[in-house]
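Please examine the protein chain shown here before reading the briefing that accompanies it.

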Amino acid sequence: MSGPGDVPSAYLDRLRPVCLGLPETYEEPAWVGTRWRIRSRTFAHVRTVGPDHQTATDRAATGDDPLCVLTFRSPGDEIAGLLAAGLPFYSPGWGADVVGMALDDATDWTEVAELLTESYCVLAPRKLVALVDRPG
């Protein structure tokens with residue numbers, strides 16, 4: 001199983017400012033990888049999976065090499081569109097509003113920032129969502 005420190009620092013350096021820039025969020029090690037939370041709810045989780053250490057749901061995103069994956073929440077009206085696009089998006093198979101995304105050199109980090117902001121807004125209390133500058 002991968003450990004909390006398995007995520008490349010370059011990815012964490014891109015994800016941290018977005019996630020920690022949202023009201024009342026915090027970062028913590030997860031059982032594997034790193035997660036960001038609003039109160040006690042996880043709105044983003046990043047970890048590395050490989051062919052020998054992955055859940056059945058991660059197989060949709062991985063091949064024979066280790067791959068970094070991000071899971072996040074998505075509003076119901078956007079999930080079908082993300083999943084229909086195919087990779088890098090996939091269904092982790094748990095939670096009706098959870099989407100997985102494979103991260104690699106071609107990742108659009110502007111899109112990731114928008115997706116993470118929306119994920120936060122799915123779980124945060126309305127008074128905190130009102131403080132967020134959401135993409136148009």
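The briefing below covers the overall fold, the sheet, the helices and the cores.

This is a predicted model, in which local features need pLDDT of at least 70 and side-chain atom pairs count only at pLDDT 80 or more, while totals for chains, interfaces and linings use all residues. Residues are numbered from 1 along each chain as its sequence is written, and side-chain values use heavy atoms, with hydrogens and water left out. The protein chain contains 4 helices and 6 strands; helices (H or I, at least four residues) and strands (E, at least two) are DSSP runs, numbered from the N terminus.

**Overall fold**

- Read from the N terminus, the elements of the protein chain follow the order α-β-β-β-β-α-β-β-α-α.
- The protein chain has 136 residues, of which 47% count as buried; buried means under 20% relative accessible area, exposed over 50%, and partly exposed in between (1.4 Å probe, protein chains only).
- Among contacts with a separation of 6 or more, 51% involve residues 24 or more positions apart; a contact means heavy atoms within 4.5 Å.

**The sheet**

- The 6 strands form an open sheet in the order S1-S2-S3-S4-S6-S5, with antiparallel pairing; two strands pair if DSSP finds at least two bridges between them.
- Strand S1 (25–29) and strand S5 (89–90) are the edge strands, each pairing on one side only.
- S1 pairs with S2 in the antiparallel sense over 5 bridges, and Thr 25 has Ile 38 in S2 as its bridge partner.
- The hairpin of S1 and S2 has 4 residues between the strands, and Gly 33 in its turn has a positive phi of about 75°.
- Strand S2 (residues 34–38) also pairs with S3, in the antiparallel sense and over 5 bridges; Trp 36 stands opposite Ala 44 in S3, and Arg 37 stands opposite Thr 42 in S3.
- S2 and S3 likewise form a hairpin, here with 2 residues between them, and Arg 39 in the turn has a positive phi of about 55°.
- Strand S3 (residues 41–49) is mostly covered, with 7 of its 9 residues buried.
- On to strand S4 (residues 67–73), S3 makes an antiparallel pairing over 6 bridges, in which Val 49 stands opposite Leu 67.
- S4 and S6 pair in the antiparallel sense over 6 bridges, and Phe 72 stands opposite Val 99 in S6.
- S5 and S6 are joined in the antiparallel sense over 2 bridges, with Gly 100 in S6 as the bridge partner of Tyr 90.
- S6 has 6 of its 6 residues buried: Val 98, Gly 100 and Ala 102 lie on one side, and Val 99, Met 101 and Leu 103 on the other.

- H3 lies across S1, S2, S3, S4, S5 and S6, running at about 40° to S4.
- H1 and H3 pack at an angle of about 40°, with their axes 10 Å apart.
- That angle makes H1 oblique to H3, since angles under 35 degrees count as roughly parallel, over 145 as roughly antiparallel, 65 to 115 as roughly perpendicular and the rest as oblique.
- Tyr 11, Arg 14, Leu 15, Val 18 and Cys 19 of H1 make the contact with Trp 109, Val 112, Ala 113, Leu 116 and Thr 117 of H3.
- Arg 14 lies in helix H1 (residues 9–20) and is partly exposed, with a relative accessible area of 47%.
- Arg 14 and Val 112 are 98 residues apart along the chain, yet their C-alpha atoms are separated by 9.3 Å.

**Nonpolar cores**

- The largest nonpolar core has 31 residues, and those with the most contacts inside it are Leu 15, Phe 43, Val 46, Leu 70, Phe 72, Leu 103 and Tyr 120; such a core is a set of buried Ala, Val, Leu, Ile, Met, Phe, Trp, Tyr and Cys residues joined through side-chain atoms within 4.5 Å.
- Elements that each supply at least two residues of this core include helix H2 (76–84), strand S6 (98–103), helix H3 (109–123) and helix H4 (126–129).
- H3 gives the largest share of this core, 7 residues.
- Leu 103 touches Tyr 11, Leu 15, Val 46, Leu 67, Cys 68, Leu 70 and Trp 109, not counting residues up to four places away in sequence.
- A second, separate core of 5 residues includes Val 49, Leu 67, Val 69 and Ala 102.

Methods
Axes are lines fitted to C-alpha atoms, for helices over the stretch in contact, and angles run from 0 to 180 degrees between N-to-C directions.
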